[in-house]
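Here is a short briefing on one protein structure. Look it over before reading the points that follow.

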Amino acid sequence: MYGLKTDIALDLPSKYYSLEGYEKGVARWCPGCGDHAVLTNMQKLLREKQLDPAKTVFVSGIGCSSRFPHYMNTYGFHGLHGRAFPVAEGIKFRRPDLDVFVVTGDGDCCSIGAGAWIHAIRYNINMTVLLLNNEIYGLTKKQVSPTSRIGTISNTTPDGSILPPLSPVQTTLGVSNVSFVAQTADWNPAHMYETIKAAYEHKGFSFVHVIQRCPIFQIGLVDELTSNKDAMVYLEHENGITVSEEIAKTFKNKESHNPTNLSAARDLAISQEKIYMGLLYQNKNAPCYDDYGASNLGYTVEQKEEALNRELDRYAI
Ligand code: SF4
């Protein structure tokens with residue numbers, strides 16, 4: 001056998017990364033927490049795309065879901081509350097060769113991090129963002145979050161919250177230069193997988209809203225969605241997120257929606273009766289700020305020094 005000459009050339013990658021290669025430690029989320037399903041799907045995506053762990057970065061803020069980088073065998077930055085986006089932007093801005101992911105929660109993103117979130121959408125820097133929304137502060141044991149529904153009983157709202165919740169999807173769709181908005185749920189892994197895959201393949205700020213179960217502090221939160229099949233609608237379109245025929249059968253309700261239509265996407269997002277799963281909006285031509293930032297990356301040290309001196313000379317008296 002050995003030494004036989006053949007014309008067949010196998011196109012094998014120089015190194016194959018297995019699923020185990022992306023795993024790190026034992027996730028310390030509660031049993032039944034939706035975060036486990038997101039982690040598994042993310043590791044599967046990295047394996048399918050064969051992302052080099054040395055060139056992949058997960059950035060998070062603070063919260064249960066923000067423990068995500070600890071469980072990925074890649075680079076990671078578990079940062080300050082609400083500040084995942086500026087860190088991720090800085091990384092991508094200077095190292096466009098890296099794949100950057102942000103995992104954030106509803107408190108982290110929509111409350112203390114809201115300013116950073118809005119501007120990250122507008123800057124449209126190429127990264128994949130997962131907002132894991134369980135409508136509560138879980139890590140600090142049950143305080144009301146900006147996405148909590150009216151009537152939510154928590155340690156900070158013992159008589160029930162009184163304000164209407166902020167919709168992450170609606171908000172994201174309202175920001176100028178938005179380029180990708182999709183929605184999925186942790187209990188439909190096949191749909192979630194295709195959704196985060198589409199987000200990763202999009203060039204720009206890909207925002208995925210994941211409806212996430214917290215069986216400890218939000219018991220029964222998604223019972224209506226899981227028991228009433230009329231409540232969820234699967235968005236279909238040739239340019240949308242497609243799932244296998246087998247999986248598509250699990251969706252009782254389907255609706256055609258062209259994801260290039262921003263106005264139609266906003267109409268879907270404000271619906272109070274139905275939750276729309278899939279790709280709500282995509283603009284492949286929205287300008288990405290990192291494209292401009294990368295223009296001087298090839299400068300030598302001398303060129304940088306010269307450019308700096310030139311700038312400083314402008315202010316010489
Ligand atoms: Fe998950 Fe809730 Fe437990 Fe946090 S408190 S790990 S969100 S189940």
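Gln303 is part of helix 11, which covers residues 301-313. The model is predicted.

**Gln303**
- Gln303 has a relative accessibility of 38%, so it counts as partly exposed, because that class lies between the 20% limit for buried and the 50% limit for exposed.
- A polar atom of the Gln303 side chain lies 2.8 Å from the backbone nitrogen of Thr300.

**Nonpolar cores**
- The largest nonpolar core consists of 33 residues, and Phe85, Val102, Met127, Leu173 and Phe205 have the most contacts inside it.
- Helix 4 (residues 114-123) contributes the most to this core, with 4 residues.
- Beyond its neighbours within four places in sequence, Phe85 contacts Val102, Thr104, Cys109, Ala116, Trp117, Ala120, Val129 and Phe205.

**Thr56**
- Thr56 belongs to strand 1, which runs over residues 56-60.
- The relative accessible area of Thr56 is 0%, so this residue is buried, the limit for that class being under 20%.
- Leaving out residues up to four places away in sequence, Thr56 touches Leu46, Leu51, Thr74, Tyr75, Asp99 and Phe101.

Terms used:
Residues numbered from 1 in each chain as written. Predicted model: local features only at pLDDT ≥ 70, side-chain atom pairs only at ≥ 80, totals over all residues. Heavy atoms only, no water. Helix = DSSP H or I, 4+ residues; strand = E, 2+ residues; numbered from the N terminus. Buried < 20%, exposed > 50% of the residue type's maximum accessible area, 1.4 Å probe, protein only. Polar contact = N/O pair within 3.5 Å; in protein donor to acceptor, adjacent residues only side chain to side chain. Core = buried A, V, L, I, M, F, W, Y, C linked by side-chain atoms within 4.5 Å. Contact = heavy atoms within 4.5 Å.
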